[in-house]
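Here is a walk through one model, meant to be read with the structure open beside you. Have a look at the loops and the sheets as you go.

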Amino acid sequence: METEPRIATLERVPAESTFLFRVRNGDDEVREAILVRAGEDVACWLNYCQHFTHIKLDKGSGAAMRNGELVCENHGAYFEADSGICTYGPCEGATLPELEVTVDDGDVYLTDDAYEFVDTGPIEDDGDLTSTSNVEF
Ligand code: FES
């Protein structure tokens, strides 16, 4: 059996933010994904808000979190870390697309057949890193 690609050690997934990496989907497009602590587990979501899907939750230095929920800094949508459901904001009720990951012996592996691991970090040069926040904390 082929060894599943390791995304990161569990230690590298922060308690109150996200770990950013890149995946390739079946259409050969590179997308960003995030790991987030969800209680004892780790959840994995595509890194795009469900209000405007070109907007990233983690803009390169970790997504904002409040009370265990991911916060989109553009218009303040909140997403539960463990379910990906938007509980507040302009896309309330929408769900972040999930990727399957597995934690084994202190490492997090991508085990989703629909995606292939590319590397850690953001996609470079797509312009979104300059988008500004409308939300003050
Ligand atoms: S783009 Fe995320 S809440 Fe509007």
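## The β9–β10 loop and D105

D105 sits in the loop between β9 (101–104) and β10 (107–110). This is a predicted model, so treat the values here as computed ones. D105 has a positive phi of about 55° although it is not a glycine. Most residues other than glycine have a negative phi. As for solvent, D105 counts as exposed because its relative accessible area is 74%, and the cut-off for exposed is over 50%.

With a relative accessibility of 77%, N67 counts as exposed.

## The sheet with β2, β3, β4 and β11

Now to an open sheet of four strands, ordered β4-β3-β2-β11, with antiparallel pairing. Its edge strands are β4 (41–46) and β11 (116–120), each of which pairs on one side only. From one strand to the next, the twist averages 35°.

Start inside the sheet with β2 (residues 18–24) and β3, which pair in the antiparallel sense over seven bridges.

Another open sheet of four strands runs in the order β5-β6-β7-β8, and its pairing is antiparallel. The edge strands here are β5 and β8, each pairing on one side only. The twist in this sheet averages 40° from one strand to the next.

Within it, β6 (residues 69–71) and β7 pair in the antiparallel sense over three bridges. L70 has F79 in β7 as its bridge partner.

## Rings that meet

How many aromatic pairs does a search of the whole structure find? It finds two. F21 and F117 form a tilted pair, 5.9 Å centre to centre with 35° between the planes. F21 lies in strand β2 and F117 in strand β11, so this pair ties together parts that are 96 residues apart in sequence. F21 is buried, at 0% relative accessibility.

The rings of Y78 and Y88 have their centres 6.0 Å apart and their planes at 85°, so that pair is edge-to-face. Y78 is in strand β7 and Y88 in strand β8, ten residues apart. Is each tyrosine here buried or exposed? Y78 is partly exposed, at 22% relative accessible area, while Y88 is exposed, at 54%.

A ring also has a charged neighbour: R31 lies over the face of Y48, at 4.3 Å from the ring centre.

K59 lies in the loop between β4 and β5 (64–66). Is K59 buried or exposed? K59 counts as buried because its relative accessibility is 18%, and the cut-off for buried is under 20%. Its side chain reaches the backbone oxygen of K56 at 3.3 Å. A polar contact of 2.9 Å also joins the side chains of K59 and N74.

D82 is in the loop between β7 (78–80) and β8 (86–88). At 53% relative accessibility, D82 counts as exposed. Leaving aside residues up to four places away in sequence, D82 touches A38 and W45. The C-alpha atoms of D82 and V42 are separated by 7.9 Å, and these residues are 40 apart along the chain.

Terms used. Residues numbered from 1 in each chain as written. Predicted model: local features only at pLDDT ≥ 70, side-chain atom pairs only at ≥ 80, totals over all residues. Heavy atoms only, no water. Pairing = 2+ DSSP bridges. Helix = DSSP H or I, 4+ residues; strand = E, 2+ residues; numbered from the N terminus. Axes fitted to C-alpha atoms, helices over the stretch in contact; angles between N-to-C directions. Buried < 20%, exposed > 50% of the residue type's maximum accessible area, 1.4 Å probe, protein only. Contact = heavy atoms within 4.5 Å. Polar contact = N/O pair within 3.5 Å; in protein donor to acceptor, adjacent residues only side chain to side chain. Phe/Tyr/Trp six-rings, centres within 6.5 Å; stacked < 30°, edge-to-face > 60°. Lys NZ or Arg CZ within 6 Å of the ring centre and 35° of its normal.
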